[in-house]
Amino acid sequence: MPDIAAVKAALANQRIETPSWGYGNSGTRFKVFAQAGVPRTPHEKLDDAAKVHEFTGIAPKVALHIPWDKVDDYAALSAYAKERGVELGTINSNTFQDDDYKFGSVCHPDPKVRRKALDHLLECVDVMDATGSKDLKIWLADGTNYPGQDDIVARQDRLAESLAAVYERLGDDQRLLLEYKFFEPAFYTTDVPDWGTSYMQCLKLGDKAQVVVDTGHHAPGTNIEFIVALLLREKKLGGFDFNSRFYADDDLMVGAADPFQLFRILHEVAKNGGFDPATNVAFMLDQCHNIEAKIPAVIRSVMNVQEATAKALLVDREALSAAQGTGDVLTANSVIMDAYNTDVRPLLAEWREEQGLAANPVTAYAASGWQERIVAERVGGEQAGWGA
């Protein structure tokens, strides 16, 4: 049976990175629903992220998005974060919002557009240098909508050339994390549509290039935990973008749509050493809170990952291995199901209190008065978020 003390120790080492854009206004393709009190600046996003870390104890990093979080002095922004008990994490690039990117960015047939996109990616590495960030995450909207629109292989060549230039610019302790998405906004071909394409490009680049698995970026029925296990086996899993999907890239709260899937993924992470800090897997949220309150939703999301992690750590691996070795299918499955069906909330409440935290972070945040304060103080100015 798993040692509860060991489970608690592993939980204490867990770190979840929250996204700056998760605190701002966001919406669907049809409407952005503005909320009172959302951040107006990157500094206010950090203020909110610091509250998430204060009440959960395991969310010390904040991912930035360039240009949404662009400032004149990134070193000063990094210092501001540290004053509030958090630090700047992954730098996310944006090569999908400008009109020039109508037919792609680094895969565009026009070398001038490719140069513009590459310059932006190199600028993001400059931001990493200034903030001390270790990871550059690249997601590309590049692709085509119609057969014959462009040369599929030529686009892969352009992609490889641009990624190689970025890779060459990285410092010794920096990484390039390449995300994938099987469709949208490109509908006929997407230039990085799956983990295999991302893995192929990263493999050619070298050890500092790894794959990001966004849990919402897969076709229905895809066995995501299989992908995770194989990438861990090959030491090419750079990190996760956690969220949930019912139909496509819904960006709902992680664990909301299929908590059993999240547990299965984290079981493979636990079993294959992914929670070992030396593995350097980044556990990040990538969500848009369109109708729910921002900060409580992020806190709840961190808790969802925590609960799935605790269940994964409770899997009796010795019993599982023994059953697998003898072909005892039902026993092997019951070992997995017993861990999943365990109510870990009392264990986590106990662990939080041992860490000097409130047993229920959501309730503690609601009682803190922070939400009422930001609603009263953040009046006027331009709200900082997707589409707003």
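Is Phe-283 buried or exposed, and what is its relative accessibility? At 9% relative accessibility, Phe-283 counts as buried, where buried means under 20% relative accessible area, exposed means over 50%, and partly exposed lies in between (1.4 Å probe, protein chains only).

This is a predicted model, in which local features need pLDDT of at least 70 and side-chain atom pairs count only at pLDDT 80 or more, while totals for chains, interfaces and linings use all residues. Residues are numbered from 1 along each chain as its sequence is written, and side-chain values use heavy atoms, with hydrogens and water left out.

**Aromatic pairs**

A search of the whole structure finds 12 aromatic pairs; rings of Phe, Tyr and Trp (its six-membered ring) pair if their centres lie within 6.5 Å, and planes under 30 degrees apart count as stacked, over 60 as edge-to-face and the rest as tilted. One of these pairs is formed by Trp-195 and Tyr-199, and it is tilted, with 6.5 Å centre to centre and 50 degrees between the planes. Both residues lie in helix H6 (residues 195–205), four residues apart, about one turn of the helix; helices (H or I, at least four residues) and strands (E, at least two) are DSSP runs, numbered from the N terminus. Trp-195 counts as partly exposed because its relative accessibility is 24%, whereas Tyr-199, at 19%, counts as buried. Phe-283 forms a stacked pair with Phe-275, with 5.5 Å centre to centre and 25 degrees between the planes. Phe-275 has 23% relative accessibility and therefore counts as partly exposed. Ring pairs also link Phe-275 and Phe-283 with Phe-240 and Phe-242 into a cluster.

The table sets out two pairs of packed helices, with axes that are lines fitted to C-alpha atoms, for helices over the stretch in contact, and angles that run from 0 to 180 degrees between N-to-C directions.

| Helices | Angle | Axis distance |
|---|---|---|
| H3 (residues 74–83) and H4 (residues 111–131) | about 50 degrees | 8 Å |
| H10 (residues 317–325) and H11 (residues 329–340) | about 160 degrees | 8 Å |

The angle makes H10 roughly antiparallel to H11, while H3 and H4 are oblique to each other; angles under 35 degrees count as roughly parallel, over 145 as roughly antiparallel, 65 to 115 as roughly perpendicular and the rest as oblique. The crossing of H3 and H4 is right-handed, and H10 passes H11 in a left-handed crossing; a crossing is left-handed if the near helix is turned anticlockwise from the far one by less than a right angle, and right-handed if clockwise. In H10, Ala-319, Leu-320, Ala-323 and Gln-324 meet Thr-331, Ala-332, Val-335 and Ile-336 of H11, where contact means heavy atoms within 4.5 Å.

**Backbone features in loops**

Most residues other than glycine have a negative phi, and most peptide bonds are trans. A cis peptide bond, with omega about 20 degrees, joins Ile-66 and Pro-67, and Pro-67 lies in the loop between strand E2 (61–65) and H3. Another cis peptide bond joins Glu-184 and Pro-185, with omega about 10 degrees. Glu-184, in the loop between E6 and E7, has a positive phi near 75 degrees, and is buried, with a relative accessible area of 14%. Asn-280 also has a positive phi, near 65 degrees, but Asn-280 is partly exposed, with a relative accessible area of 42%.
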